[in-house]
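This report covers helix packing, nonpolar cores and salt bridges. The sequence and the structure come first.

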Amino acid sequence: MWLSATGGKVVAFAAVAFAIGISVPAKAQTLEQALVAAYRNNPTLNSQRAATRATDEYVPIALAGYRPQIFGSAYAGQQWTETRMDPGQASLSGGGSLTVTKTSPTGFGITISQTIYDGLRTANSVRSAESQVRGQRELLRNTEQLVLLDAATAYMNVLQNAALLDLQKQNLEALKEELRAARDRFSVGEITRTDVAQAEASVANAQSELALAQSNLNTANAVFFQVIGLKPTKLTPGRPIDRLLPKTLNTAVDTGISRHPAVKAAQFAVDAGLANVKVAEAALSPTLSLNGTASSDYNSTTNVERQTSAAATLNLSVPIYQGGSEYATIRQSKETLGQLRIEVDINREQVRANVVQFWGALEAAKAAIESAQASVAANEIALRGVREEWRVGQRTTLDVLNAQTALFDARASLVIAQRDRVVASYAVLSASGDLNASRLSLKVPVYNPQVHYNQVRDAWIGVRTPGGQ
């Protein structure tokens, strides 16, 4: 095991925190199970998956520019016409000066329009949409990393706070025992009332710390449920994932810069921005389209029972001046592209900083464990010695209380270092861009965004969201 403890009491509290040296309960939760539950249930991750599926629809929306547009129309109504003629003309024609005509015109028609050339607007819109889809997948991968890291952190926080709570209970019992002994010695006149007061103050402070530890555990349990979707019960040891980490810091940095999803998402955003510039420039290009219409009209006039017409036209539209908005849009898209290129560098430097930070935290946690283990062993020996010296009058009650507090602090430091050791290993893997369900070999079906993309990419009609992922 990666953990060790020195002394019987250390084994006792470590068993509470990390189940060292005891059998695993039949219904215990493991860190892997917690990660699987978070992968399945975390609302943030599921929300990002829904956002990815929504982004997939940008591609068929862009592809619609290649397809014909068909519109149908129909009408029906009553038409009343009153014609008043000049009296002289009416007498010559032998008719009245007022003529009223009533008709019931009806009709229907269909219009088909097919764009032939649009300055490559559609082609570049498709490229932009596909880049957005790829970028969104990287954002999904980044969210997966953050959720898994949060889940590992929440799991270890519960273990840590449960262990610290148990330590506080043991510390309180030890201080109460010291208080009883102090009162016994005071009753026979071996120590003063000051010694008893010091012991009472230590007990009161320990009771306050116990209440705080319980509150911290309750908070950790709530965060555990929020991130993982389960209530923590009988948690088993969490272990670091050093076997999955890069061998050196430089390797971790290089891996993160080249493979981290935040960097790749920024790169795909640049691709989309470049395509958007070309889409904006297409507003200056001519548009060629083929239009066809067909219609039938009934009773449009009193003398016409039916009239049918059809037409096919080739339309060329050449923009000359549109108020200048198209030029502003082009300039704006170019500035946006420049910003996106800067974002790539920002993300790379952020990844580099995170890798260095968490790598250092991992190394510090390793050293802290060794130091804390040595401190626990030394403070146990010191406490036993101080107690013996106190019994023969060579030490004061305050010396014993200080020794007890030093041992408690050493044990607490060991628990915290063990927690930091595990969390830092997950943080390093996340910073290098490799913290995902596949890399961790989690026993869960891996979400594949390509499934939904393939279902909707070439869909011409349909309003139902497809099945699958």
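A residue counts as buried under 20% relative accessible area, as exposed over 50%, and as partly exposed in between (1.4 Å probe, protein chains only). The model is a predicted one, in which local features need pLDDT of at least 70 and side-chain atom pairs count only at pLDDT 80 or more, while totals for chains, interfaces and linings use all residues. Residues are numbered from 1 along each chain as its sequence is written, and side-chain values use heavy atoms, with hydrogens and water left out.

**Salt bridges**

A salt bridge here is a side-chain nitrogen of Lys or Arg within 4 Å of a carboxyl oxygen of Asp or Glu. The whole structure holds 16 of them. Helices (H or I, at least four residues) are DSSP runs, numbered from the N terminus.

| Pair | Closest N and O atoms |
|---|---|
| Arg 457 and Glu 130 | 3.0 Å |
| Arg 180 and Glu 177 | 2.5 Å |
| Glu 200 and Arg 183 | 3.1 Å |

Arg 457 is partly exposed, at a relative accessible area of 23%, whereas Glu 130 counts as buried at 18% relative accessibility. Both residues are also linked with Asp 458 in a network of salt bridges.

Arg 180 and Glu 177 both belong to helix H6 and are three residues apart, about one turn of the helix. Arg 180 is partly exposed at 42% relative accessibility, and Glu 177 is partly exposed at 44%.

Glu 200 in helix H7 and Arg 183 in helix H6 are 17 residues apart, and their pair too links distant parts of the chain. The relative accessible area of Glu 200 is 27%, so this residue is partly exposed; Arg 183 is partly exposed at 42%.

**Packing of H2 on H7**

Two packed helices are described by the angle between their axes and the distance between the axes. Axes are lines fitted to C-alpha atoms, for helices over the stretch in contact, and angles run from 0 to 180 degrees between N-to-C directions. The axes of helix H2 (residues 31–41) and helix H7 (residues 193–228) come within 8 Å and cross at roughly 55 degrees. H2 is therefore oblique to H7, a class left over once angles under 35 degrees count as roughly parallel, over 145 as roughly antiparallel and 65 to 115 as roughly perpendicular. Contact means heavy atoms within 4.5 Å. H2 contributes Ala 34, Ala 37, Ala 38 and Asn 41, and H7 contributes Phe 224, Val 227 and Ile 228.

**Nonpolar cores**

A nonpolar core is a set of buried Ala, Val, Leu, Ile, Met, Phe, Trp, Tyr and Cys residues joined through side-chain atoms within 4.5 Å. The largest has 62 residues, of which Leu 35, Tyr 155, Ile 228, Tyr 426, Leu 440 and Leu 442 touch the most other members. Elements giving two or more residues to this core include H2, helix H6 (121–187) and H7. H6 gives the most, with 15 residues. Not counting residues up to four places away in sequence, Leu 442 touches Glu 32, Leu 35, Val 36, Leu 148 and Ala 437.
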